[in-house]
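Please have the sequence and the 3D view at hand while reading.

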Amino acid sequence: MVAISSEALIMGASLSRIQAFVLSDQDPKMLIQSRPDIAAILDKSLIGCMVLFSCLEQEIAKVSKLAGGQDALNWKAKARVVWKHETFQDLLNGMRGQQVALSVLLQLLQMFVEDSCAYDWRNR
């Protein structure tokens with residue numbers, strides 16, 4: 001569970017960086033119009049994150065329900081976590097894959113900004 005928590009924090013930071021780019025002075029419409037491939041990657045990455053976090057939320061809710069609102073897990077909840085280890089491992093692997101996709105997307109966005117800045121500088 002610690003690895004899932006850490007991966008969620010890292011994904012959150014990446015998503016915040018993407019949000020900052022989209023809300024920055026750069027024109028997102030220009031990016032989407034000039035590079036529909038980046039728009040498709042952004043769309044699929046965000047949908048993938050949403051689906052992954054939805055599945056994670058459902059699994060954690062099932063375990064939390066067994067805990068009965070207590071901070072510590074009872075033996076039934078602990079057994080369920082162990083029994084669901086493969087499910088949580090699959091979710092963790094999915095999160096790692098999404099993080100790689102978000103990192104590549106951030107690199108693409110940064111390259112786009114650098115290319116547009118270089119283009120503006122050359123045309124002055």
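What span should the 21 residues of helix α1 have, and how far apart are its end C-alpha atoms?

## Helix α1: length

The model is predicted. Helix α1 covers residues 2-22.

Which residues of α1 are buried? They are I4, E7, M11, S14, I18 and F21. Looking down the axis of α1, these buried residues fall within an arc of 95°, and therefore they line one face of the helix.

The face turned away from the buried side of α1 carries V2 and L9, which are exposed.

E7 lies in helix α1. Is this residue buried or exposed? E7 has a relative accessibility of 11%, and because buried means under 20%, E7 counts as buried.

Leaving aside residues up to four places away in sequence, E7 touches L92, M95, R96 and Q99. One of these contacts, R96, is also the salt-bridge partner of E7.

How many salt bridges does the model have? The count comes to two.

In one of them, the side chains of E7 and R96 meet with an N to O distance of 3.8 Å. This pair links distant parts of the chain: E7 belongs to helix α1 and R96 to helix α5 (residues 85-122), and the two are 89 residues apart. E7 is buried at 11% relative accessibility, whereas R96 has a relative accessible area of 38% and is therefore partly exposed.

## Salt bridge between E59 and K62

Which residue forms a salt bridge with E59? The partner is K62, and the closest N and O atoms of the pair are 3.5 Å apart. Both residues are in helix α3 (residues 36-67). Because E59 and K62 are three residues apart in this helix, about one helical turn separates them.

The relative accessible area of E59 is 9%, so E59 is buried. For K62 the relative accessible area is 36%, which means that K62 is partly exposed.

## Summary

Helix α1 has its buried residues on one face, with V2 and L9 exposed on the face turned away from them. Of the two salt bridges, the pair E7 and R96 links helix α1 with helix α5, while E59 and K62 sit within helix α3.

Note on methods:
Residues numbered from 1 in each chain as written. Predicted model: local features only at pLDDT ≥ 70, side-chain atom pairs only at ≥ 80, totals over all residues. Heavy atoms only, no water. Helix = DSSP H or I, 4+ residues; strand = E, 2+ residues; numbered from the N terminus. Expected span 1.5 Å × (residues − 1). Buried < 20%, exposed > 50% of the residue type's maximum accessible area, 1.4 Å probe, protein only. Arc of directions from axis to C-beta. Salt bridge = Lys/Arg side-chain N within 4 Å of Asp/Glu carboxyl O. Contact = heavy atoms within 4.5 Å.
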